[in-house]
Amino acid sequence: MATIIINGQDHTLPEGEKLNAIQAAKLAGVDIPYYCWHPALSVVANCRMCEIEVGQKDAKSGEIKMVPKLVPACQTPAKEGTVLVTDSAKVKENQRMVMEYLLINHPLDCPVCDQAGMCGLQDYSYEYGQSNHRFVEERTVNPKKDVSEAIQLNQDRCIMCTRCVRFTREITQTGELQVMSRGSHAEINVFPGHPVDNPLAGNVVDLCPVGALLDKDFLHKQRAWFLSKHDAICTRCSTGCNVKAEENRGQLWRFTPRHNPLVNDYWICDEGRASYKAANDPGLLTSSYARKGGELGSVPIDQALALASQELTSVAREGGKIAAVLSPFLTVEEAYLLASYLKELSPDAVLAIGPVPTSGQDVTFTPDQTKGRTGDTSFVVPRPFTIHAEKCPNRRGVEAILEHFEGSVISFETLSRRASGGEFRALYFTSDAIDPWGAEAEAKALRSGVKFLVVQDTLVTPLAQLADVVLAGGTFAEKAGSYVNADGRLQYAEAALPPRDGSLPDLDIFAVLMGRAGGPVRSREVLAELAGVIPAFGAADGGVLPEFGVVLTELGEGAREPVPAGSGGRFDDPWQLPRYLKGDRPGEPSPKGGQDA
Ligand code: SF4
Ligand code: SF4
Ligand code: FES
């Protein structure tokens with residue numbers, strides 16, 4: 001265990017942790033401002049914002065020798081006897097000068113800039129900068145330009161930190177973004193005809209500490225301070241990337257990545273990023289339906305539920321067979337409640353997994369872990385990032401539930417064949433898929449074999465149009481619950497939106513069918529219950545999961561690696577934190593205290 005000295009105080013670093021001075025100081029509760037450093041990228045030390053006084057304490061004599069010049073903290077390894085001074089007049093004066101320099105050509109765009117409210121320049125200007133600057137010459141004015149169909153570059157606002165350039169070089173290795181020209185003419189650009197075109201491109205917007213790179217999909221739609229952020233999981237493929245679902249006024253406005261060093265590191269793919277839109281689809285069901293006189297008519301969801309329950313109970317009582325399709329878009333809690341309900345109703349009920357959508361092949365980005373990283377002081381080795389061909393979030397979780405109740409997993413194809421052949425009197429079909437299953441002919445074939453069909457979904461699908469009862473369920477954004485990703489990792493997602501008018505979250509639908517009284521059911525309680533019943537979910541004991549999820553040992557495949565050094569907690573650039581976490585309260589002074597020159 002190394003002991004370092006920060007501002008005159010001894011601090012012991014955790015055993016085995018290799019950290020640079022920014023990371024070590026953060027562990028000790030001392031913030032060092034930075035722009036160009038990012039734990040997953042090589043260290044270039046070009047913004048100079050993190051410069052501090054650095055020295056070394058002699059182990060025998062106790063004498064401290066300081067380096068005469070300021071040194072970038074991002075490039076300083078924290079080791080036994082390292083001395084860091086972050087609060088001296090020399091350090092503060094340098095921070096003020098760096099801020100003055102970075103703002104020389106920066107336009108006063110804050111009122112119209114999307115980054116306002118989560119901007120590294122705004123926050124550091126307030127905390128470390130000065131309110132005057134001495135530049136009287138003509139400012140360099142650069143026009144904004146598109147670096148891809150989805151991303152706009154406002155070069156005036158750029159501070160040349162090169163995070164975006166290093167991302168396309170080191171993580172995607174597509175190298176679209178470059179620094180072009182030199183000195184005061186330097187700018188970020190792409191080669192003509194070669195836009196930023198890779199499946200992870202949107203991450204450069206999140207990496208940009210200022211409002212230079214902007215997502216055109218989000219441009220001028222919301223102010224950052226109006227958005228509530230909810231810890232969610234992307235349901236667009238079985239990677240299970242951790243995302244922040246950003247909501248305002250009952251609508252989702254974007255997904256941004258949430259750091260998980262064991263799943264998605266700091267990134268999400270563009271397809272997942274865009275999938276938030278499905279939660280705002282105007283075609284989402286806002287009513288349930290029941291068939292009367294051959295026609296489907298809108299009914300309140302409680303009536304639809306009563307009808308479904310009545311009919312399923314009478315089928316079971318008369319000895320008719322019931323089948324159910326458990327969608328791989330259901331959470332494990334939902335799948336568990338539905339399976340429990342149907343097996344209680346009829347022990348002979350047959351449960352199968354729903355259609356598992358796939359598209360193409362898995363695509364893996366393996367970051368360059370050596371080139372350009374010699375002498376690196378980030379120490380975090382970026383992990384490979386895979387976009388899975390399996391386009392659903394929870395096949396493995398639903399299969400584990402089915403194995404418990406059925407002893408094996410019945411495929412959707414097998415169940416469809418048996419249902420079309422007339423084996424079942426009633427079928428309960430769940431979906432919630434972003435892309436609905438089944439063309440008209442497939443839906444008709446499935447429907448033709450059963451007397452009573454319940455469809456629980458979020459959209460009007462060909463199968464829903466043939467159902468006897470349609471239950472309006474919740475979208476991924478309206479439900480809380482857990483998913484098991486491709487590596488067997490169980491992760492929890494919060495609900496980001498309240499249920500739509502006329503719908504109920506799927507967990508509540510199943511709880512009502514089961515006659516569980518006492519208001520809305522809590523997913524964490526159901527998770528605790530199923531963890532006690534199904535050994536595969538034993539790691540979810542108590543219903544509360546660790547920050548980065550937990551690998552279910554019976555399901556996991558090589559995903560049990562320890563949290564990489566230097567990322568023992570979630571990493572967020574400080575300017576991305578909500579204001580209450582930044583320490584500011586209305587009417588209170590900034591924790592650092594802004595200073596005039
Ligand atoms: S565009 Fe943003 S991320 Fe890229 S160099 Fe400029 S400030 Fe840095
Ligand atoms: S890789 Fe998969 S889970 Fe991750 S953001 Fe993309 S679609 Fe979503
Ligand atoms: S010089 Fe930019 S963060 Fe250290």
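The structure is a predicted model, in which local features need pLDDT of at least 70, side-chain atom pairs count only at pLDDT 80 or more, and totals for chains, interfaces and linings use all residues. Residues are numbered from 1 along each chain as its sequence is written, while chains are lettered from A and ligands numbered from 1 in the order in which they are written.

The protein chain holds 14 helices and 26 strands; helices (H or I, at least four residues) and strands (E, at least two) are DSSP runs numbered from the N terminus. Along the principal axes, the C-alpha trace spans about 90 × 55 × 45 Å. A compact globule of 597 residues would have a radius of gyration near 25 Å, and the 28 Å of the protein chain agrees with this; the radius is taken over C-alpha atoms, and the globule rule is 2.2 Å times the number of residues to the power 0.38. Of the 597 residues, 48% count as buried. A residue is buried if 20 or more other C-beta atoms lie within 10 Å of its own, exposed if 12 or fewer, and partly exposed in between, with C-beta atoms placed from the backbone. Among contacts between residues at least 6 apart in sequence, 70% join residues at least 24 apart; two residues are in contact if their C-beta atoms, placed from the backbone, lie within 7 Å.

The chain is divided into domain 1 (3-99), domain 2 (101-281 + 572-579) and domain 3 (288-551), with bounds that come from an automatic or database domain assignment. The C-alpha centres of domain 2 and domain 3 lie 35 Å apart. Between these two domains, 31 residues of domain 2 are in contact with 32 residues of domain 3. On the domain 2 side, helix H4 (163-171), strand S12 (228-233) and strand S13 (242-248) each supply at least two residues. The largest share of that side, 4 residues, comes from S12. By class, the domain 2 side has 15 nonpolar, 11 polar and 5 charged residues; Ala, Val, Leu, Ile, Met, Phe, Trp, Tyr, Cys and Pro count as nonpolar, Asp, Glu, Lys and Arg as charged, and the others, Gly among them, as polar.

Two packed helices are described by the angle between their axes and the distance between the axes. The axes of helix H10 (residues 412-420) and helix H11 (residues 440-448) come within 6 Å and cross at roughly 60°. Axes here are lines fitted to C-alpha atoms, for helices over the stretch in contact, and angles run from 0 to 180 degrees between N-to-C directions. That angle makes H10 oblique to H11: angles under 35 degrees count as roughly parallel, over 145 as roughly antiparallel, 65 to 115 as roughly perpendicular and the rest as oblique. Ser416, Ala419 and Ser420 in H10 meet Ala445, Leu446 and Ser448 in H11, giving a contact with 3 nonpolar, 3 polar and no charged residues.

Thr331 is placed in the loop between strand S17 (322-326) and helix H8 (332-345). Thr331 counts as buried because it has 31 C-beta neighbours inside 10 Å. Beyond its neighbours within four places in sequence, Thr331 is in contact with residues including Asn394, Lys479 and Tyr483.

Asn7, in the loop between strand S1 (3-6) and strand S2 (9-12), has a positive phi near 50° although it is not glycine. Arg48, in the loop between helix H1 (21-27) and strand S3 (51-57), has a positive phi of about 70°.
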